[in-house]
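Hi everyone, thanks for coming.

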Amino acid sequence: MSDVTLGMPQLPAPDYPAEVRARLEADAREVIARYPDSRSALLPLLHLVQSEEGHVTRTGVRFCAEVLDLTTAEVTAVVTFYTMYRRKPSGDYQVGVCTNTLCAVMGGDAIFEELQRHLEVGNGETTEDGKVTLEHIECNAACDFAPVVMVNWEFFDNQTVDSAKRLVDDLRAGRTVEPTRGAPLCTYKETARILAGFPDPRPGAVEAGGAAGPASLVGLRLAKGESAPGRVVSPRSSGAPSDEPPASHPSSHDAPQRTSASDPQHPSGPVTEEGE
Ligand code: FES
């Protein structure tokens, strides 16, 4: 009888070089020690292997499975669920154009379309020089700065087609670009290491602030008992505006509107068909 062992099949994947494996194992031990249950360290460990190779390779999946005592199938299920993990070689700078509704109508769709033409790549593709990977992304919770572009998860607010083209040109030329908010930009691999939970060693990076805009903070202000910065005035109210909501119409959208078609006193007068 041969000593065949049965178990979950493991993904075939080459080994890391011994030096890389030893370094990643030391880093992984540090990350795992932060959690009461080792498997909770999977998300940061995926960022860690991404910081090594720029994307999550089969070797990275196998490494995470081995150090966390998971199957490669379990690790793969997580990698394929979250969009922050890349599964193929990509550029130093991941340029994400928000094409969710608000950014789209404010110019995000036009920016994404023009960047595809300008860079000669499609969604998820990388420029020939390996510098920029372009993708369209979902809402960044920065809608009051629409349209928003992110580079390696740093915000570039209120973009235009021209400013976005300048941005990718600067990235490809190696010129310094500053995000609108937050820490200075670094490469995708460096960003991945920070996301794995390791300190950002760059001077001033931790102190660099990045706040949400006034519109995003209205809910927070209300929750704290502060008043909202603005108010809706009923279109039916007359005289001085009141803080009280209109009695019969809870929303101004529900109130019948007086238009020139229905109101002879309207400044534009009633609408009549030509010749009437
Ligand atoms: S829709 Fe683009 S940040 Fe919200």
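Before the sheet, a word on terms: two strands pair if DSSP finds at least two bridges between them. Helices (H or I, at least four residues) and strands (E, at least two) are DSSP runs, and they're numbered from the N terminus. Also, what you see is a predicted model, where local features need pLDDT of at least 70 and side-chain atom pairs count only at pLDDT 80 or more, while totals for chains, interfaces and linings use all residues. Residues are numbered from 1 along each chain as its sequence is written.

Okay, the sheet. It's an open one, with five strands in the order β2-β3-β1-β4-β5 and mixed pairing. β2 (125-126) and β5 (154-156) each have a single partner strand because they stand at the edges, so one side of each has no neighbour in the sheet. β5 pairs with β4 (residues 149-151) in the antiparallel sense, over three bridges. If you want to find one of the partners, look at V151, whose bridge partner in β5 is E154.

Zooming out, the protein chain has eight helices and five strands. From the N terminus, the elements go α-α-α-α-β-α-β-β-β-β-α-α-α.

Now a pair of helices. Two packed helices are described by the angle between their axes and the distance between the axes. Axes here are lines fitted to C-alpha atoms, for helices over the stretch in contact, and angles run from 0 to 180 degrees between N-to-C directions. Helix α2 (residues 42-53) packs with helix α3 (residues 58-68) at about 140°, the axes being 10 Å apart. That makes α2 oblique to α3; under 35 degrees counts as roughly parallel, over 145 as roughly antiparallel, 65 to 115 as roughly perpendicular, and the rest as oblique.

Who makes the contact? From α2 it's L42, L45, L46, V49 and E53, and from α3 it's G60, F63, C64 and L68. Contact means that the C-beta atoms, placed from the backbone, lie within 7 Å.

Last stop: E128, in the loop between β2 and β3 (132-137). Is E128 buried or exposed? E128 has 9 C-beta neighbours inside 10 Å, so it counts as exposed. The cut-offs: 20 or more other C-beta atoms within 10 Å is buried, 12 or fewer is exposed, and in between is partly exposed, with C-beta atoms placed from the backbone. By that count, 26% of the 276 residues of the protein chain are buried.

Conventions: Contact = placed C-beta atoms within 7 Å.
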